[in-house]
Amino acid sequence: MFHILIVDDEKHTRLLLQKVLETEKYHVFSACNGQEALEVMDKNHIDLVILDIMMPVMDGYELTKALRETDNNLPILMVSAKQLPIDKKKGFLAGTDDYITKPIDEEEMLLRIRALLRRAKFASEHKIEFNNITLDYDALTVSKENEIQELPQKEFLLLYKLLSNPGKIFTRIQLMDEIWGTESETGWETVTVHIGRLRKRFEHWNEFEIICVRGLGYKAVRHDPQTG
């Protein structure tokens with residue numbers, strides 16, 4: 001069960017979000033400001049934080065910066081009535097992973113939470129090993145025997161995602177959201193470009209291949225070179 005912390009000075013909002021999240025089987029903690037949130041996190045494991053911006057004592061920007069200083073991988077979803085681009089930009093510069101505006105669309109919020117938790121799980125699994133291939137998340141390398149290739153970050157994350165789920169088809173939009181983020185202004189076509197680069201880079205490696213599934217997306221297939 002995932003543990004989610006809601007940080008908002010409005011009691012009604014906290015109770016509403018708690019009810020929605022508990023219906024989805026999340027374990028929920030709550031705090032009314034950033035300082036209280038840090039105290040909760042000192043005593044409990046938290047998988048994701050949902051926080052408001054305008055709060056007394058310590059606001060959402062300050063809390064986000066404080067969290068990033070101690071845990072760079074913790075998923076943070078900023079929720080605010082502030083809708084101007086400059087406010088969203090300030091939130092992302094502070095370190096939030098995603099940003100949605102009030103009034104909250106509950107279904108959209110849940111979809112974003114699931115995406116953030118998937119990405120966090122993906123980031124926490126630091127190595128994939130199969131046959132004689134090793135993907136090292138921390139070093140951004142793919143190696144076999146005496147050959148090592150260091151990849152650009154997005155190429156590595158894309159390959160890591162596909163090989164973490166061999167045989168599973170991902171749409172371009174899914175890959176775009178998980179690797180580049182839902183707020184990215186880059187078009188989904190960039191996924192096609194990066195897939196092309198990966199195919200070229202590993203065209204002589206028989207241990208895996210990336211397959212385009214027409215009309216659907218992409219999947220990775222692992223092969224055992226000894227059996228073909």
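These are my notebook entries on a predicted protein model, taken one topic at a time.

**Ground rules**

I count residues from 1 along each chain as its sequence is written, and my side-chain values use heavy atoms, with hydrogens and water left out.

**Overview**

I started with the whole protein. Its secondary structure comes to 8 helices and 11 strands; these are DSSP runs numbered from the N terminus, with helices being H or I of at least four residues and strands being E of at least two. I put a box around the C-alpha atoms along the principal axes and got roughly 60 × 35 × 30 Å. Of the 228 residues, 46% count as buried. Here buried means under 20% relative accessible area, exposed means over 50%, and partly exposed is in between (1.4 Å probe, protein chains only). I also looked at contacts between residues at least 6 apart in sequence, and 55% of them join residues at least 24 apart; contact means heavy atoms within 4.5 Å.

**The parallel sheet**

Next I traced an open sheet of 5 strands, in the order S2-S1-S3-S4-S5, with parallel pairing. Strands pair if DSSP finds at least two bridges between them. Which strands stand at the edges? They are S2 (27-31) and S5 (98-101), each with a single partner strand, so one side of each has no neighbour in the sheet. Neighbouring strands here are turned by 20 degrees against each other on average, direction ignored. For angles I use axes fitted as lines to C-alpha atoms, for helices over the stretch in contact, and the angles run from 0 to 180 degrees between N-to-C directions.

I zoomed in on one pairing. S1 (residues 3-7) and S3 (residues 48-51) run parallel and are joined by 4 bridges. Ile4 has Leu48 as its bridge partner in S3.

**Helices H3 and H4**

Helix H3 (residues 60-70) lies across S1, S3 and S4 (76-80), and runs at about 175 degrees to S4. I then checked H3 against H4 (residues 85-94): their axes come within 8 Å and cross at roughly 25 degrees. That makes H3 and H4 roughly parallel to each other. My cut-offs are under 35 degrees for roughly parallel, over 145 for roughly antiparallel, 65 to 115 for roughly perpendicular, and oblique for the rest. On the H3 side the contact is made by Tyr61, Thr64, Lys65 and Arg68, and on the H4 side by Asp87, Lys90, Gly91 and Ala94.

**Asn33**

Is Asn33 buried or exposed? I found it buried, at 9% relative accessibility. Asn33 sits in the loop between S2 and helix H2 (34-43). A polar atom of the Asn33 side chain lies 3.0 Å from the backbone nitrogen of Gln35, and the Asn33 side chain also reaches the backbone nitrogen of Glu36 at 2.8 Å. Leaving aside neighbours within four places in sequence, I noted Asn33 in contact with Val7, Met55, Pro56, Val57 and Met58.

S6 (residues 127-130) pairs with S7 in the antiparallel sense over 4 bridges, and Phe130 has Ile133 as its bridge partner. Their hairpin has 2 residues between the strands, and Asn131 takes a positive phi near 50 degrees.

On to S8 (residues 141-144), which runs antiparallel to S7 and is joined to it by 4 bridges. Thr134 has Ser143 as its bridge partner in S8. This hairpin has 4 residues between its strands, with Leu140 in the turn at a positive phi of about 60 degrees.

**Helices H7 and H8**

H7 (residues 172-180) and H8 (residues 189-201) pack at about 85 degrees with their axes 9 Å apart, and are therefore roughly perpendicular. H7 contributes Arg172, Leu175, Met176 and Trp180 to the contact, and H8 contributes Thr190, Val191, Thr192 and His194. I listed the buried residues of H7 as Leu175, Met176, Glu178, Ile179 and Trp180. Just after H7, Gly181 has a positive phi of about 95 degrees.

**Cysteines**

How many disulfides does the structure hold? I found 0, taking a disulfide as a pair of cysteine sulfur atoms within 2.5 Å. Cys32 is partly exposed at 25% relative accessibility, and Cys212 is partly exposed at 37%.

Technical notes:
Predicted model: local features only at pLDDT ≥ 70, side-chain atom pairs only at ≥ 80, totals over all residues. Polar contact = N/O pair within 3.5 Å; in protein donor to acceptor, adjacent residues only side chain to side chain.
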